[in-house]
Amino acid sequence: MADPPPAPLLALRGIGKSFLGVRVLDGVDLDVAAGEVHAVVGENGAGKSTLMKIVSGGYAPDEGTVEFAGRPRAFHGPRDAQRAGVGIIHQEFNLLPERTVAENVYLGHEPVRRGLVDRREMLDRTRRLLASIGETALPADSRVGRLGVAQQQVVEIAKALALDARLLIMDEPTAALADQEVELLYGLVRRLQERGIGLLYVSHRLTEVFDLSSRITVLKDGRRVTTVNTAQTTADELVRHMVGRELSSYYPQRAGPDDRGPVRLTVRGGGNRKLRGVDLELRAGEVLGIGGLQGSGRSALARALFGVAPFTTGDVELDGEPVRLRSPRAAMRAGIAYVTEDRKGEGIVARQSVLDNALLASRAVFAARSGRAARTARVRELLDAVEVRAAGDDQEIRFLSGGNQQKVVLARWLALTPRILLFDEPTRGIDVGAKSAIHDLVRRLATDGAAVLMISSELPELLGMSDRIVVLRDGRIAGELPAGATEEEVVALAVGAVREAAA
Amino acid sequence: MRVAERRPLPLRIRTDGIAPIVALLTVLLILIAFVQPDFLAPSSLMSFLGRSAPIILLAAGQYFVIVCGEFDLSVGSLVTAQVVVAARLIDSDPSRTWPVVVLLLAGGALVGLVNGLVTTVLRVPSFITTLGMFLILVGAVYLWSDGAPKGGLSEEFRRFGRRAIEDVPLLGRIPYALLVLVVVAAIAVVLTRSDFGRTLVAVGDNPRTAELSGVRVVRTKTIAFMLSGLAAAVAAILLGGYSGVSFQAGVGLEFGAITAVVLGGVALGGGRGSVVGAMLGALTLETLFALMNFAGVSGALRSTVQGVIILLAVAVSSLRSSSSR
């Protein structure tokens, strides 16, 4: 156990919270000292977001006390918490894209002179504020919509500081950032620390947690498992606390050379608005990893194969027969399934039941194929097989954790017994435990003879899962790598730092 | 699926979210029992249900459209048009009754088809599509009938909306309209439990997901509009019999139906609600009007009351859904 600091900035004691009779938090204690980065880790559904909402005034706790700056507090809503000095930086920003940086930073409390907004003063203050956190390169009068994600994040932070935040909550701050931007965020976090600001840092990525935090609290099933000093723990130990399993057991065994079957899918010269000259072969029994930067055409490739935005040039062959994949229905009839990267936006129907979600595709496309009772029974079996955890199959899917939602989506596709599966970021936003369950499932599908194409931005996942890796850049294939390639090789191809391999 | 084996019974009617409307209806009936105890006598209650059948049918039709995320404002003028057309075509000739009934149903489906295709293929928001259809039908029916309804309905045609099976033990009488309602309601419930019905709600919840799961969104929504048109045709047959031929036959029914559906717990914008709730919403609305009538409240307040109900019901449901997030 780590020692609590003598006079913490934030002290949570025995926090409990239930929703609809489900206990989400139970007796959680947590301290944050001024100038400390305190990381909170745990699987999805462990209670991290609920805890953060309690600290930032979004929810009132059912039990326990929140003490901030030495005084017991019961915040009445987020604004009240902000005024008291608690700022929160959400994964999704809350900025007005058509307004300038300064206007966003001082939104709602603009400096006023003679009843009018004092623009010059507002700009000056914003510049001073940005300079004080070392962000001199960010123009205070630039439109926020023109800034990159990393810079918008800085604006969010400045916004909180303009309200004299003493405690900042950062919820998965690097989720939307590119690798080089993460470095910049590190610098910013350290400068905030030097100003004496306490930081609560929620993240799935253990690397960051180790790089930045001084203490780590592990939550599991709404309870605090432990709080440790970062210097005295290891990633393995943390993962064990989170799921009770070693890090080394992460990825399932790859396919051997004999496991690969015949070529299922061939693309020759495939192109559309986002892709050019794509040549690709996908074999039964293999997991083909697709790497590349955001916007390199990875998702466009999956969407072309699934008929969402079909190829306009080139040929596609399925088991040696030419095929036209003009719509999702056509692709599904051809035995192709597609698990999208935007689970909330295009993967689930949030207010429908687990069962309705799992039955969606069977009902839509193969309604006449088998009797309703048989079909429902089969889908229930699949939900069992992928180990969905829910209160029942009539529970609305939105109440499930990301990992369980993804398993339901998977069951939806498995019900069609697809022969080709396209996975776009299958484990995005999913906790560690469910992640490895999904990895196992993906591999099992390949072993059972399906051809799997898997897109991933997470290099360890891409390297750990793939039997070969095709890297895309600017809508073209930049090169192919065998299993056992290194992160450096993938990145080099993705950014074009090496001569292109013959694709 | 792990834990809690709580599987729904195979024949269960989806009852999600109808508890509030059942409670409200009960309260209104209790109030009526104080103000006008005679109302609850079996034969009077049966007549009331028969009178309410058209609006309940329209609510059921409107349910399909609203639950997939659209609106149908054309049903009121569609009812008027159907009644006027029926009178002119039948022209008091009993032998034409059944052909005209078939024609009305086809006409209702056709109007729904046009509404659906304009909304989905031409991407006109359904609010505008069906408002346009409303105006087109109003104008067309005036033009076609030269400004005054002509002809007349046959007694056979009027039977559905006006007559009842009399001297039934216990119940007193069973209006034909009630029988029609029971049949249509049963069909509606079966439809919502079918693949089509479940898919329709999914389309209203998230059309993107539905599309990427192979749902033909255009077709599904168009069928919903056709169901609403069919329901309007049946309602027109009952109303023509009950209240006779006039240009006022269907005035305001579209708002009545939408109010009823919202009152019954169906989310505007789609994705949530049951057809049973929608139909109970219509019954509750009619019960409220009956209560107002008994209590001596001016009938002129009807539309005001509907307006207030719509605003309140939507406010309550959005507050609830935002707090449970």
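Axes here are lines fitted to C-alpha atoms, for helices over the stretch in contact, and angles run from 0 to 180 degrees between N-to-C directions. Helices (H or I, at least four residues) and strands (E, at least two) are DSSP runs, numbered from the N terminus.

This is a predicted model, in which local features need pLDDT of at least 70, side-chain atom pairs count only at pLDDT 80 or more, and totals for chains, interfaces and linings use all residues. Residues are numbered from 1 along each chain as its sequence is written, while chains are lettered from A and ligands numbered from 1 in the order in which they are written.

## Domains of chain A

Chain A splits into domain 1 (10–248) and domain 2 (257–495). These bounds come from an automatic or database domain assignment. The C-alpha centres of domain 1 and domain 2 of chain A are 34 Å apart.

Strands pair if DSSP finds at least two bridges between them.

| β6-β9-β10-β3-β11-β12 (chain A) | mixed | β6 (86–89) and β12 (223–229) of chain A |

β6(A) runs parallel to β9 (residues 167–171) of chain A, with four bridges between them. A:G87 sits opposite A:L168 of β9(A).

Helix α1 (residues 48–55) of chain A lies across β3, β6, β9, β10 and β11 of chain A, at about 155 degrees to β10(A). Helix α6 (residues 179–194) of chain A lies across β3, β9 and β10 of chain A, at about 145 degrees to β10(A).

Strands β15 (residues 287–292) and β20 (residues 451–455) of chain A run parallel, joined by four bridges. A:I290 has A:I455 in β20(A) as its bridge partner.

## Helix pairs

Helices α13 (residues 372–385) and α14 (residues 402–414) of chain A have axes that come within 9 Å and cross at roughly 135 degrees. α13(A) and α14(A) are therefore oblique to each other. Angles under 35 degrees count as roughly parallel, over 145 as roughly antiparallel, 65 to 115 as roughly perpendicular and the rest as oblique. A:V379, A:L382 and A:L383 of α13(A) meet A:V408, A:A411 and A:L414 of α14(A). That contact has six nonpolar, no polar and no charged residues. Ala, Val, Leu, Ile, Met, Phe, Trp, Tyr, Cys and Pro count as nonpolar, Asp, Glu, Lys and Arg as charged, and the others, Gly among them, as polar.

In chain B, helices α2 (residues 42–67) and α11 (residues 253–263) pack at about 70 degrees, with axes 8 Å apart. α2(B) and α11(B) are therefore roughly perpendicular. Their contact has ten nonpolar, two polar and no charged residues.

How values were computed. Two residues are in contact if their C-beta atoms, placed from the backbone, lie within 7 Å.
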